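Take a look at the chain, then read on.

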Amino acid sequence: MQDKRQDSITKLNELIGDVEIAMLTTVDDGVLRSRPMRTQDFDFDGDLWFFTSSKTHKTEEIEKDNRVNVSYA
C-alpha cells in the first residue's frame, strides 16, 4: 500500500513539478470561486502548500466550507 502511495506522489510531482501557478477553487455560498495561487517550492511529499493572508475572502470561504479543488494545466 505504501509503495502505491509513493508511486502516486512521484507521478503527481512529475505532472505538476514545472507548473508554478495553480487555480484554487473554493465554495462561496454555493458558488465556485477560482483564483490563481503560486505553489510553494519544496521537496514534494504529497502535500501542496499555498500561502495567503489570514484576512482574505478565500480564507473565510475555506473556514465555512473546507472543500477545495486545485487544478494545474
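Is aspartate 47 buried, partly exposed or exposed? Aspartate 47 counts as partly exposed, because its relative accessibility is 42%. Buried means under 20% relative accessible area, exposed over 50%, and partly exposed in between (1.4 Å probe, protein chains only).

This is a predicted model: local features need pLDDT of at least 70, side-chain atom pairs count only at pLDDT 80 or more, and totals for chains, interfaces and linings use all residues. Residues are numbered from 1 along each chain as its sequence is written, and side-chain values use heavy atoms, leaving out hydrogens and water.

**Overall layout**
- The chain holds two helices and three strands; helices (H or I, at least four residues) and strands (E, at least two) are DSSP runs, numbered from the N terminus.
- Their order from the N terminus is α-β-β-α-β.
- Along the principal axes, the C-alpha atoms fill a box of roughly 40 × 25 × 20 Å.
- Of the 73 residues in the chain, 25% are buried.

**Around aspartate 47**
- Aspartate 47 lies in the loop between strand E2 (31-38) and helix H2 (57-64).
- Asp47 gathers with Asp41, Asp43 and Asp45 in a surface patch of negative charge.
- Such a patch takes residues with over 30% relative accessible area and no salt bridge, with like charges joined within 9 Å.
- A salt bridge is a side-chain nitrogen of Lys or Arg within 4 Å of a carboxyl oxygen of Asp or Glu.

**Around threonine 26**
- Threonine 26 sits in strand E1 (residues 21-28).
- Threonine 26 counts as buried because its relative accessibility is 0%.
- Its side chain makes a polar contact of 2.2 Å with the side chain of glutamate 61.
- A polar contact is a pair of N or O atoms within 3.5 Å; within protein, one must be able to donate a hydrogen and the other to accept it, and residues adjacent in sequence count only if both atoms are side-chain atoms.

Conventions: Patch = residues over 30% accessible without salt bridge, like charges linked within 9 Å, V, L, I, M, F, W, Y side chains within 5 Å. Areas by Shrake-Rupley, 256 points an atom, 1.4 Å probe, with all protein chains shown as cover. Lys, Arg positive; Asp, Glu negative; His and termini not counted. Charge placed at Lys NZ, Arg CZ, Asp CG, Glu CD.
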